[in-house]
Structures are given as structure tokens and as C-alpha cells.
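Try each task first, then follow the solution step by step.

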Amino acid sequence: MKKITLVIAMFAMAMASSAQYTGHKFFDNWSIGAEGGVSTNLHDWDTPNGAVAGINFTKGITPVLSLEFQLQAGFNDDPNWNWAAKSPNVVDNASIYANTKINLMNWFGGYKGAPRFFEIQARGGVGYTRFFWPTFDGIPSRSGNDLNRCNFKFGLDFDFNLGEKKAWTISLRPAVILKTSRDNDPLRESGLGMQVVCDKGSGCTAYGHNAIGQITAAVTYHFKTSNGTHYFTEVKPVEVTKVVEKTVEKPVEKVVEKVVEKVVTKNVGNGVTVEFAQNKATLSNTAKAKLNTIDKSATVVIDGYASPEGAKAYNQKLSQRRCDAVKAYLEDRGVKVAGANAHGAEGAESQRVVYVTIK
């Protein structure tokens, strides 16, 4: 149960990170590979090694998580399941596995937007194996004694990703296969006698190796994805920021630029009118020249406005910033400001102004 929970947690973690990358269509991030190598049981080292070969189909879910479907065949003149018997079969056993693969480099070191030259992946899964019973001299074929087994497979992949496009990978793949049961020699159980098929004494059993070591070398090709590469492409945070800016802030400026073309002011009598650029609260040289005409000993009242386009709350803040700019400039000259009132947008006509009234 703990193992299942760990796999689910890793899957959830990997899926949560997938939103940061492109290339998630069903036909994206598929690869096909061919492998070959040797295997032998782990508790009886004088049993001859057997050859293995297979093909692998892999689907990348995220840069961390992938699923592998593996078909594998075993070849052995002196089968691992019986030291003395020699099998005439070309294929002594056939297996199919469904594996989960975790890219340890991307998990702990983070994905860098492209596969590293060297990566390590942990692999584990469940499989089904059929063992084909060999034919012996003077004994009829005993195909009815073929065995089917469920296996567990765990291993590591040491991957070398080649080329600028990282379309090819060469791997060294050690693994351990754990069988779910141990079966005695079918010929012994049938009454034909162990001496016919085995000369190792009571320790010899058929299909009896519960732990098998395996090491293979593989070549894998990664098909091109919908993003134009052979791997996941990272969405950089700066691109997300630009999208937000265009959606939230830019429309206000564009509306002001297209609609506001003319500033209409009123006569304030004893005072001055300061005009501002579109969507700005910065004093121009012309505005400063007008404010310089006010006597330093004067007392004034400030009223700031914004043009009617845009949101009400935004216009209120803009008119406040304009009032603050005028107030700061006058007080720096020594003029006393009795009041500074921000009105936002009032009326249907543009008012990108601040009125300064001398009391």
C-alpha cells in the first residue's frame, strides 16, 4: 500500500508541474526503442547467462514522469530454469511489462527546457512472462507444462541524449526481476524422475529462480512533438507576465490615446490651469512655468481631474497623483496649499487638468 501511495504522489507531483510546459497532445512525446543484453538468476551464479532482446514504447507525461510499455524475449541454450536441460526453442520465454519511469535529474535538479546530455531514470512496473518448457531427448514434448507468471521489475536507466535536437538516446539499463512464485520441476512431479533432466541433486528446480538480474543496452528515437521539438518546451515566466500586462494595463492606455485628443478647461479667475499629458501625472516644462507665476507668499486650493475614459477607480487615482505633483511643486517653492481635492472624471468632456485657485 505504501508503494502504491508513493507512486500516486509522484504522479500527482509530476502532473502538477506539467502546466509549465508545451507539447501535451496525445501523440506528443512518444518514443520507440530497441534493446539487447543478458540476464541470469541472482542466487545461482553457476547457471549460464541467457540473452534477452526487446522493444520499448514510451509516452512522456511530464519532464519528470513517463510510462513505458516493454516487450521482451529470452534466448538461452542452457535455460535458467533448468541447469541440465538444453532447449531447442529459439525463444525460451516472452514477457510484457508496464513500467513507470521517474527522471531523477529533472525531479531533483529541475527541468532546464531541454534534456540534459546525461540523465538517470528510475524504472518500476509489473509484467507477465510465459516460460516455454524445453523438449528433451527421449521425452515427448511437454508444452502443457509451460508456465505463466506475474513479475515485478525495478531498474535504472543511464541515458545519454545525443545531438543538438536530442532526438536519439543511448541507454544502459540494469534491472532486477522478482517472480511471484517458485515452481518445482514439472518432470519430477510427473514421476519421470529428476535424474532424467537434472544432475544437480535436490536443489535443482524448473522455473525456480525468483530473482533475476538483467542488463541491456538500448537505442531510443523520440518522435517530434507539436511544439516542433523532440521534447517538452518550457514556458518562461516572462512570457506569462507580458500576457498579464497586455490584458490588465494596456487597454486603459490605448483607449485614452484613441479617444482623448482635446483638453477643455474652465476659467478659474485668480489662478492658473495646469494641463497633463494623456494618462500622465508628470509636470511638463509649460506646467512648471505657469506654477512659477504664483507668488511664493500666496495660499492656494488645488482641484485635480481626469478625462472620463477608463474605470472610475483608476481615474480617481490618476487625478490624485496629479494633485500631489502640483502640491509638491508649489510647496517646494514656499507656496501654502490650503487644500488638494481629487475629483476623478466629472462631466462628458476631457479634463486632464489641475486648477490652482489663489485665495
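**Exercise 1. Find the antiparallel partners of β2, and pick out facing residues.**

Step 1. Start with β2 (30–41). β2 and β3 pair in the antiparallel sense, with ten bridges between them. Strands here are DSSP runs of E of at least two residues, helices are runs of H or I of at least four residues, and both are numbered from the N terminus. Two strands count as paired if DSSP finds at least two bridges between them.

Step 2. Look for a facing pair: Ile32 stands opposite Phe57 in β3.

Step 3. Now turn to β9 (211–222). β2 is joined to β9 by eleven bridges, and these strands also run antiparallel. Gly33 stands opposite Thr220 in β9, and Val38 is opposite Ile215.

Step 4. Carry on from β9 to β8 (168–179). β8 and β9 pair in the antiparallel sense over eleven bridges, and the bridge partner of Ser171 in β9 is Ala218.

A word on the ground rules: this is a predicted model, in which local features need pLDDT of at least 70 and side-chain atom pairs count only at pLDDT 80 or more, while totals for chains, interfaces and linings use all residues. Residues are numbered from 1 along each chain as its sequence is written, and side-chain values use heavy atoms, with hydrogens and water left out.

**Exercise 2. Describe the largest cavity: how much space lies in it, and what lines it?**

Step 1. Count first. There are three cavities of 30 Å³ or more. A cavity is a set of points, on a 1 Å grid over the protein atoms alone, where a 1.4 Å probe fits but cannot get out; lining residues have an atom within 4 Å of a point.

Step 2. Take the volume. The largest cavity holds about 520 Å³ of space, where a volume is the space filled by probe spheres set on the points, and grid points are joined across faces, edges and corners.

Step 3. Look at the lining. It has 34 residues, and Ser31, Thr58, Ser66, Gln121 and His222 lie nearest the centre of the cavity.

Step 4. Trace the strands. β2, β3, β4, β5, β6, β7, β8 and β9 each supply at least two residues of this lining.

Step 5. The lining divides into ten nonpolar, 17 polar and seven charged residues. Here Ala, Val, Leu, Ile, Met, Phe, Trp, Tyr, Cys and Pro count as nonpolar, Asp, Glu, Lys and Arg as charged, and the others, Gly among them, as polar.

**Exercise 3. In which loops do Asn29 and Lys166 lie, and are they buried or exposed?**

Step 1. Asn29 is in the loop between β1 (21–22) and β2, while Lys166 is in the loop between β7 and β8.

Step 2. Check the backbone. Neither is a glycine, yet phi is positive, at about 60° for Asn29 and about 55° for Lys166.

Step 3. Check the accessibility. Asn29 is buried, with a relative accessible area of 11%, and Lys166 also counts as buried, at 18%. Buried means under 20% relative accessible area, exposed over 50%, and partly exposed in between (1.4 Å probe, protein chains only).

**Exercise 4. Work out the strand order of the open four-stranded sheet, and find the helix that lies across β12, β13 and β14.**

Step 1. The order is β11-β14-β12-β13, with mixed pairing.

Step 2. β11 (271–275) and β13 (336–342) are the edge strands; each has a single partner, so one side of each has no neighbour in the sheet. Neighbouring strands are turned by 15° against each other on average, direction ignored.

Step 3. β11 and β14 (353–358) run antiparallel and are joined by five bridges, with Val272 opposite Val356.

Step 4. The helix is α8 (312–333), which runs at about 170° to β13. Axes are lines fitted to C-alpha atoms, for helices over the stretch in contact, and angles run from 0 to 180 degrees between N-to-C directions.

Step 5. Within α8, find Ser319, which is buried at 0% relative accessible area. Its contacts (heavy atoms within 4.5 Å) include Gly304, Tyr305 and Ala342, not counting residues up to four places away in sequence.

Definitions and conventions
1 Å grid on protein atoms, 1.4 Å probe; cavity = no way out; pocket = protein on both sides within 12 Å on 5 of 7 lines; lining within 4 Å.
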